[in-house]
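Subject: Handing over the two-chain model

Hi,

Here is the structure for you to look over. My notes on what turned up follow right below it.

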Amino acid sequence: MEQLGLADPYVKLLLDAMKHSGCAVNKERHFSCEDCNGNVSGGFDASVSQIVLCQNNICNQAHMNRVVTHELIHAFDHCRAHVDWFTNVRHLACSEVRAANLSGDCSLLNEILRLHFGLKQHHQTCVRDRAIRSILAVRNISKEVAQKAVDEVFESCFNDHEPFGRIPHNKTYARYAHRDFQNRDRYYSNI
Amino acid sequence: MAEGGGWQPPRPCEAYRAEWELCSSAGHFLRHYYVHGERPACVQWRRDLDSCREWEERRSAEAQRSLRESEQARVQAARKHGLVWAPRQSPPADWHLPLPQDNDR
């Protein structure tokens, strides 16, 4: 079983941001490692505020880091906003857009490894596609309904980069984002 | 904000330098194009670095004004898109509670 990736700069920033928002994360309480059906890598169970990691479908430490980041983004949204996960598909779509956008799911390298070749604005295509896939994995709705929800929220949610303040393309960007988060008191008191 | 009232640049000058260098790199050009379909604009980071250094050296009021305006513009740009959901005033009530005994999910 891979480690939870708690030293990864993406994860460190998310954990700090959640603690700042009153949702300090406890490994034993907020993470569960399980065997899952299909090829799902993980999920966030909002009914019990717990991240599920699919131990049979996570390949290596880098994959683990990315899955933990993805699910922590959902947990962060749950912590900071009234997200109606179960009856408002636009809310679900928004969090899935953010998770695909900010976790590294759609990095150029990861898309190339999936044999998805595209350059100009391909990241946005990937974010839309993966958000729709994630919605369909947890909701019994048609692809058209999922796509409509993603289209309606995309402009707002693709540009919501909290808590990173930017799209963290790799660990360097994530470290800079964490530095900015730690500096936020100085920042907002001097602008 | 008064010039002598304990004001300092919102970021250390080293942070402006690091952002400008990252923005100007070939890797960032490629990643920005991959995301946005256009080349990145980096000149403002250079202006902010110069203003930061000018403040550090001469406590220039113009440098202070320029830095504050630049960062306010960044904050406004980040907030211009409306939110899909309502923000919470407090975290979810069950966040720190133990898991329910009946753990059927």
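Contact here means heavy atoms within 4.5 Å. Keep in mind that this is a predicted model.

**Interface**

By that cut-off, chain A puts 65 residues into the contact and chain B puts in 46 residues. Between them, the two chains bury about 4600 Å². Carbon and sulfur atoms account for 57% of that area. Which residues of chain A lose the most area to chain B? They are Arg186(A), Asn190(A) and Ile191(A). Together these three make up 15% of what the chain A side buries.

Polar links cross the interface too. There are 31 residue pairs in polar contact between chain A and chain B, counting pairs with both residues at pLDDT 80 or more. On the side of chain A that touches chain B, 25 residues are nonpolar, 25 are polar and 15 are charged. Three salt bridges span the interface of chain A and chain B. In a salt bridge between the chains, the side chain of Asp180(A) meets that of Arg11(B), at 3.4 Å from N to O.

The chains also pair through strands. Strand β4 of chain A (residues 81–82) runs antiparallel to strand β1 of chain B (residues 86–87), and two bridges join them. His82(A) has Ala86(B) as its bridge partner in β1(B).

**Disulfides**

How many disulfides are there over all chains? The search of the whole structure finds six. In one disulfide, Cys23(A) is joined to Cys79(A), with S to S at 2.1 Å. The link between Cys23(A) and Cys79(A) is right-handed, with 100 degrees about the S-S bond. Cys23(A) sits in the loop between α1 (9–20) and α2 (27–30) of chain A, while Cys79(A) sits in helix α3 (residues 61–80), so the pair ties together parts that are 56 residues apart in sequence.

**Salt bridges overall**

Over all chains, the whole structure holds 24 salt bridges. Arg66(A) and Asp105(A) form a salt bridge, with the closest N and O atoms 2.7 Å apart. Arg66(A) belongs to helix α3 of chain A, and Asp105(A) to the loop between α4 (89–102) and α5 (108–113), so this pair ties together parts that are 39 residues apart in sequence.

**Hairpin and backbone**

Within chain A, strands β2 (residues 42–45) and β3 (residues 50–54) run antiparallel, joined by four bridges. Gly42(A) has Leu53(A) as its bridge partner in β3(A). The hairpin of β2(A) and β3(A) has four residues between the strands.

Two backbone spots deserve a mention. Most residues other than glycine have a negative phi, and most peptide bonds are trans. Ser49(A) is not a glycine, yet its phi is positive, at about 55 degrees. Where does Ser49(A) lie? Ser49(A) is in the loop between β2 and β3 of chain A. The other spot is the peptide bond that joins Glu162(A) and Pro163(A), which is cis, with omega at about 0 degrees. Pro163(A) is placed in the loop between α7 (143–158) and α8 (171–182) of chain A.

Over to you.

Best wishes

Methods
Residues numbered from 1 in each chain as written. Chains lettered and ligands numbered in written order. Predicted model: local features only at pLDDT ≥ 70, side-chain atom pairs only at ≥ 80, totals over all residues. Heavy atoms only, no water. Buried area = accessible area lost by both parts, 1.4 Å probe. Salt bridge = Lys/Arg side-chain N within 4 Å of Asp/Glu carboxyl O. Polar contact = N/O pair within 3.5 Å; in protein donor to acceptor, adjacent residues only side chain to side chain. Nonpolar A, V, L, I, M, F, W, Y, C, P; charged D, E, K, R; others polar. Pairing = 2+ DSSP bridges. Disulfide = S-S within 2.5 Å.
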